[in-house]
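The tour below goes from one selection to the next.

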Number of protein chains: 2
Amino acid sequence: MKTSRRAFVGATAVTAAHIWIPKGVKGYTAGEIVPVTPQRAGISKWDLDTPALCVDLDKMERNIAKMQRTCNANKIAVRPHAKTHKCAAIAKMQMAAGAIGICTAKLSEAEALLAEGVDKILMTTSNLPPAKIRRAMELKKRYPGFIQAVDWDQNARDLQDAAKTAGVVADVVIDVAVGTRSGIPPGEDAINLARLVDKQPNLKLRGMLSYDGGAQHINTFAARKERTLKNIEENARTYEKMKAGGLNTEIFSGGGTGTYNIYHLVPGFTDVQAGSYIFMDMQYVAIGNVDGQPVYDDFEPSLTVLATVVNNRFSGRLTTDAGAKALTINVPHAGVIGEPGMDYNAGSDEFGSITFKEARKEWKMGEKMELIVPHCDPAVNLYDYIYGIRNDRVESVLSVTARGHSQ
Amino acid sequence: MKTSRRAFVGATAVTAAHIWIPKGVKGYTAGEIVPVTPQRAGISKWDLDTPALCVDLDKMERNIAKMQRTCNANKIAVRPHAKTHKCAAIAKMQMAAGAIGICTAKLSEAEALLAEGVDKILMTTSNLPPAKIRRAMELKKRYPGFIQAVDWDQNARDLQDAAKTAGVVADVVIDVAVGTRSGIPPGEDAINLARLVDKQPNLKLRGMLSYDGGAQHINTFAARKERTLKNIEENARTYEKMKAGGLNTEIFSGGGTGTYNIYHLVPGFTDVQAGSYIFMDMQYVAIGNVDGQPVYDDFEPSLTVLATVVNNRFSGRLTTDAGAKALTINVPHAGVIGEPGMDYNAGSDEFGSITFKEARKEWKMGEKMELIVPHCDPAVNLYDYIYGIRNDRVESVLSVTARGHSQ
């Protein structure tokens, strides 16, 4: 995927600065744009104040293109999950590349992205309190491209009431559980719920979801594929029964970055909800690829955090300025690019503590290093913006539109 | 500590709403105030959309008062650390209660709080890259109450250059290490650095810091006290030598919520940098109190997250809408208020997974529960605002002024 560049005159009267806009996006909104000051635009990423969250635009664009190309070849659609990036500009890039819509996990995430022009959103979890359901239907009124998951009888009834009050017909998918975390169990319960939705005058049944959160990080592709196909069996039978019963099954959605190249084998499955593939992280790098190799290299790690060395006084140790508030404390630990022998502990809120037996170079006080984050989703959620980097220079600053929108 | 209330007419023309302003604060700035909509002001906290970060104002005020009272009695000052709350309004409450200043960990934190009128700030870590040092000195020019830590010879020289360029005399404290994380080791290195600072025409030596991060969470007060006093011995000798050498030692600062009632035993120690005491969390609750009891009850847990039950279908399990993005994955796990037998796993980004053998009540779908966070500092850093609650009703909405300012 190629991108175009376009000049943007900052509203702050500070300067005219170049902002990178994804190809195919008609116009952009204020929320997508962070003023690029003369100190930032075009500077080397190594001159950024740290900790700094950066995305290598070439790599991210290749990741987006590869996901689309693979799914096109597998005859399955892409509906990327925005819980990873929470970023309207990136959602629009995904849509421009061929995605049929975007997923969000939370209502407040959907509200923020819809307001910034991401117009096709499927919310993958249900809203339970009636006040929140009413808010969702107010959203539906303004944005017809909003689809809402439902996983409980009472929830379907509350949604019918709220849709009627708002004067809309709500698009609904049944969230059918894989495991015990969320969703209605597959089988008769799910089918009865689909029938209930289908009967409501203000609800329009669109199909079902089945997200297998536990399958994404299973080590080795062969084991992941086996477990994924086994776990989905009962849900696939439920789907077949819904279809045979004359219920609308135009959506059968699920999957993620670890399983995007598996679900096309499930009859009827329509689209993959992958999120992390655009950025990658230490968790996904470790799961193994389709060729049986231990490193998962289907997608390139594009997301990094720049950090500064603040203490090199002790042998075998370094301290940096990027701790839990910059990286989260997920495992595996952050990876120091170019230093495979270093262990990076972000357990301290403000500091990173590195231990090593051997380093490839001598690290100086004030020197900057680049890290691959442990787990991309919660790391992005710590930052208000991501520096868009091309050839090691800042090309754009992307707002994390729905940062902190965990409601 | 008592607070006053004051009517505030929202600039959004939506409504007039009551905003709570800490007593003793003359005026307030836009950054402190979040518009309180009619849906929020005065409503029960149980009607808030979840996950919601809440502080019980009565409890927080009692915590602030108790810290000040205890330190007054111990003849040691309070200089609370703002890395915990990142909130200008709370910093002003602490100052109004008698704090001599506020600490920040990062320059961007100091910038945000100074801009909102918190006028006495000691930055407890050094700034290393020369560009950042220059930024710090630009800050000093605008806000004379800014004090900067230094922990390295070159850093002192760079600071002298930047202070000269900015036309200021920088107030400097030497960050003397306890352990290996940050700071210059105690002894001759530290004293030589203090001498170097003292000689620079644009630097004014004010004293030294010694923060023992590892001591705060040691279990049992007796063990904590023993280790704290042992760990500080060499730093205290360094302090005495600095003093004997005619160097300015008007500041000898350190300590935290776990050790606030220990450092007054160290000769010359001037002030305690406690942060978490205002909120408390599951980590601090477990460290034991001065009376030898296992629960640390010097301060009351005032900070909670409200969450909604989204799945109760499986025996011995509940799923909520508050995962890692609402609570962090620190340990000990979040505590469910009223349900001591529940284990709350926030390992999933969007969901909390509760397991239990016995519950005190039957939890319904859509019902709300209240949680004590695992570790307050990084949890607060996930939210743009904190609901100020009194008698279970929303009284105010406090901006987390420096949220995400990890630079």
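This is a predicted model: local features need pLDDT of at least 70, side-chain atom pairs count only at pLDDT 80 or more; totals for chains, interfaces and linings use all residues.

Which residues of α3(B) are buried? The buried residues are L107(B), E109(B), A110(B), E111(B), A112(B), L113(B) and L114(B). Following α3(B) is G117(B), with a positive phi near 90 degrees.

**Helix α1 of chain B**

Next, select residues 57-73 of chain B, which form helix α1. The helix has 17 residues, and at 1.5 Å a residue they should span 24 Å; the C-alpha atoms at its ends are 24 Å apart, so the two values agree. Colour the buried residues of α1(B): L57(B), K59(B), M60(B), E61(B), N63(B), I64(B), M67(B) and C71(B). To see what they pack against, show β3 (52-56), β4 (77-78), α2 (88-97), β11 (271-272), β18 (385-390) and β19 (393-399) of chain B. Just after α1(B), stop at K75(B), where phi is positive at about 60 degrees.

**A loop residue in chain B**

Go to D298(B), in the loop that runs between α9 (282-285) and β12 (303-311) of chain B. Is D298(B) buried or exposed? It counts as buried, because it has 20 C-beta neighbours inside 10 Å. Then draw a C-alpha to C-alpha distance from D298(B) to M280(B): it reads 9.8 Å, for two residues 18 apart in sequence.

**Chain A as a whole**

Switch to chain A and show it as a cartoon. Its secondary structure amounts to eleven helices and 19 strands. The chain has 407 residues, of which 57% count as buried. Of its contacts with a separation of 6 or more, 66% are between residues 24 or more positions apart.

**A helix pair in chain A**

Select α6 (residues 188-199) and α8 (residues 233-244) of chain A; their axes come within 10 Å and cross at roughly 35 degrees. The crossing of α6(A) with α8(A) is right-handed. Show side chains for A190(A), I191(A) and A194(A) in α6(A), which meet T238(A), K241(A) and M242(A) in α8(A). By type, the residues of this contact are four nonpolar, one polar and one charged.

**Where the chains meet**

Finally, display both chains. How many residues of chain A are in contact with chain B? There are 41, and they touch 41 residues of chain B. On the chain A side, the elements that give two or more residues are β12 (303-311), β13 (317-320), α10 (324-327) and α11 (376-380). This side is made up of 15 nonpolar, 15 polar and eleven charged residues. The copies meet through the same surface, because 100% of the interface residues of chain A are also interface residues in chain B.

To compare the copies, superpose chain A on chain B: a turn of 180 degrees with a shift of 0.0 Å along the axis gives an RMSD of 0.0 Å. This is the relation of a two-fold axis. End at L382(A), whose C-alpha is the nearest to the axis in chain A, at 3.3 Å.

Terms used. Residues are numbered from 1 along each chain as its sequence is written. Chains are lettered from A and ligands numbered from 1 in the order in which they are written. Copies are superposed by least squares on the C-alpha atoms of residues with pLDDT of at least 70 in both. Two residues are in contact if their C-beta atoms, placed from the backbone, lie within 7 Å. Helices (H or I, at least four residues) and strands (E, at least two) are DSSP runs, numbered from the N terminus. Ala, Val, Leu, Ile, Met, Phe, Trp, Tyr, Cys and Pro count as nonpolar, Asp, Glu, Lys and Arg as charged, and the others, Gly among them, as polar. Axes are lines fitted to C-alpha atoms, for helices over the stretch in contact, and angles run from 0 to 180 degrees between N-to-C directions. A crossing is left-handed if the near helix is turned anticlockwise from the far one by less than a right angle, and right-handed if clockwise. A residue is buried if 20 or more other C-beta atoms lie within 10 Å of its own, exposed if 12 or fewer, and partly exposed in between; C-beta atoms are placed from the backbone. The expected span of a helix is 1.5 Å times one less than its number of residues.
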